[in-house]
Amino acid sequence: MDVRIAPSWKEKLAKEFDKAYFEALAQFLRAEYQNQVVYPPGREIFRAFDLIPFDQVKVVILGQDPYHGPKQANGLAFSVRDGITKPPSLINIFKEIRNEYNKPMPDSGNLERWAQQGILLLNSTLTVRARQAGSHQKKGWEEFTDAVIKKISDEREGVVFLLWGAYAQKKGAVIDESKHYVLKSAHPSPFAADRGFFGNNHFKLANEYLGENGKEEIDW
C-alpha cells in the first residue's frame, strides 16, 4: 500500500509503528486489502495525518469508524468525497453550524478544508471492510489512535477537543483537561442529535477559545 503521512507525525508515532500490535495490524490490513474491498483506499488511511502537521493541530474531532459505502470514506472522520451524498450525521453537523453562524449548507461533504485549517478529523478505527460496519474494530487501531490522542494531550497545549457521544467521550478520557479545552455533547447521529447535539454551540465555543488564545478561528 502506498501510505502517505506527514513527516512530523511519522516521527511522533515512530514508536507505535514499531510495536508488536501495530505489526499485527499491518499484516491484517495487507491481507484485507488484497482479498476484500476495504475503505478508504490504502493511500488515504492516514489522510487525516497527512493534511496537517503535528504542531499545527488546533482542533481534534473524534469519530468512530470510516463510512463503509462505496466511495464515501476519504480518511477524515465524518467527511465524504466531493459529489457523494452527505450522510445523516454530517448533515446534522452542518445544521448545527447553520444554527450557530447562519451559514448555508455547503454543497460538498468533503471536510478537507477543515483539515487544512488545523482540524484533526480522527476516527478511532481507520479502516473498514465494505458494507460491514465495525469490521476492523479490535484489530489494533484503537490502541494506535489512543496513543495519538495521548501524544497530542501530553506534548501540545490549548487544543480544542470535540467529543460527541459516549464512545468519543470514553476515548477522550486520557486528555489533560487542565491544559486543553474539551467540549462534550450527544452525537450528531439522527438517533441522538436531538438529545444534546443540536444547540451545543461547539463551533462558536471552539472559535472563541482559539481567538482568546491568539489562534486563527476556524471557517466552518
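**Stop 1: the largest pocket**

Start with the largest pocket, which holds about 500 Å³ of space. Select Gln 64, Asp 65, Tyr 67, Ser 89 and His 187: of the 28 residues that line this pocket, these are the closest to its centre. A pocket here is found on a 1 Å grid over the protein atoms alone, as an open set of points with protein on both sides within 12 Å along at least five of seven lines; lining residues have an atom within 4 Å of a point. Grid points are joined across faces, edges and corners, and a volume is the space filled by probe spheres set on the points.

Now colour by element. β2, α5 and α8 are the elements that give two or more residues to the lining of the largest pocket. Helix α8 gives the most, with three residues. Helices (H or I, at least four residues) and strands (E, at least two) are DSSP runs, numbered from the N terminus.

Then colour by class. The lining of the largest pocket divides into 16 nonpolar, eleven polar and one charged. Nonpolar covers Ala, Val, Leu, Ile, Met, Phe, Trp, Tyr, Cys and Pro; charged covers Asp, Glu, Lys and Arg; the others, Gly among them, count as polar.

A word on the model before moving on. It is predicted: local features need pLDDT of at least 70, side-chain atom pairs count only at pLDDT 80 or more, and totals for chains, interfaces and linings use all residues. Residues are numbered from 1 along each chain as its sequence is written, and side-chain values use heavy atoms, with hydrogens and water left out.

**Stop 2: the second largest pocket**

Select Val 3, Phe 17, Phe 22, Ala 26 and Phe 46. Of the 13 residues that line the second largest pocket, they are the closest to its centre. The volume of this pocket is about 290 Å³. Show helix α3 (residues 20-35) next: it supplies the largest share of the lining, five residues. By class, the lining of the second largest pocket has eleven nonpolar, no polar and two charged residues.

**Stop 3**

A cavity is a set of points where a 1.4 Å probe fits but cannot get out. About 40 Å³ of space lies in the largest cavity. To see its lining, select Ile 45, Pro 66, Gly 75, Leu 76, Ala 77, Leu 121, Asn 123 and Leu 126. Six of these lining residues are nonpolar, two are polar and none is charged.

**Stop 4**

Go to the loop between β2 and α5, where Phe 78 lies. Phi of Phe 78 is near 70 degrees, a positive value in a residue other than glycine. Phe 78 counts as buried because its relative accessibility is 10%. Buried means under 20% relative accessible area, exposed over 50%, and partly exposed in between (1.4 Å probe, protein chains only).

Ser 79 lies in the loop between β2 (59-63) and α5. Is Ser 79 buried or exposed? Ser 79 counts as buried, at 0% relative accessibility. Show the side chain of Ser 79: it makes a polar contact with the side chain of Asn 74 (3.1 Å). The side chain of Ser 79 also reaches the backbone nitrogen of Leu 111 at 2.9 Å. A polar contact is a pair of N or O atoms within 3.5 Å; within protein, one must be able to donate a hydrogen and the other to accept it, and residues adjacent in sequence count only if both atoms are side-chain atoms.

**Stop 5: two crossing helices**

Display α5 (residues 88-101) and α9 (residues 202-212). Their axes come within 8 Å and cross at roughly 65 degrees. Axes are lines fitted to C-alpha atoms, for helices over the stretch in contact, and angles run from 0 to 180 degrees between N-to-C directions. From α5, select Ile 93, Glu 96, Ile 97, Glu 100 and Tyr 101; from α9, select His 202, Phe 203, Lys 204 and Asn 207. These residues make the contact (heavy atoms within 4.5 Å).

**Stop 6**

Pick Tyr 39 and Pro 40, which are joined by a cis peptide bond with omega about -10 degrees. Pro 40 sits in the loop between β1 (38-39) and α4 (47-50).

Finish at Arg 131, in the loop between β4 (128-129) and α7 (141-155). Phi of Arg 131 is near 60 degrees, a positive value in a residue other than glycine. Arg 131 is exposed, with a relative accessible area of 61%.
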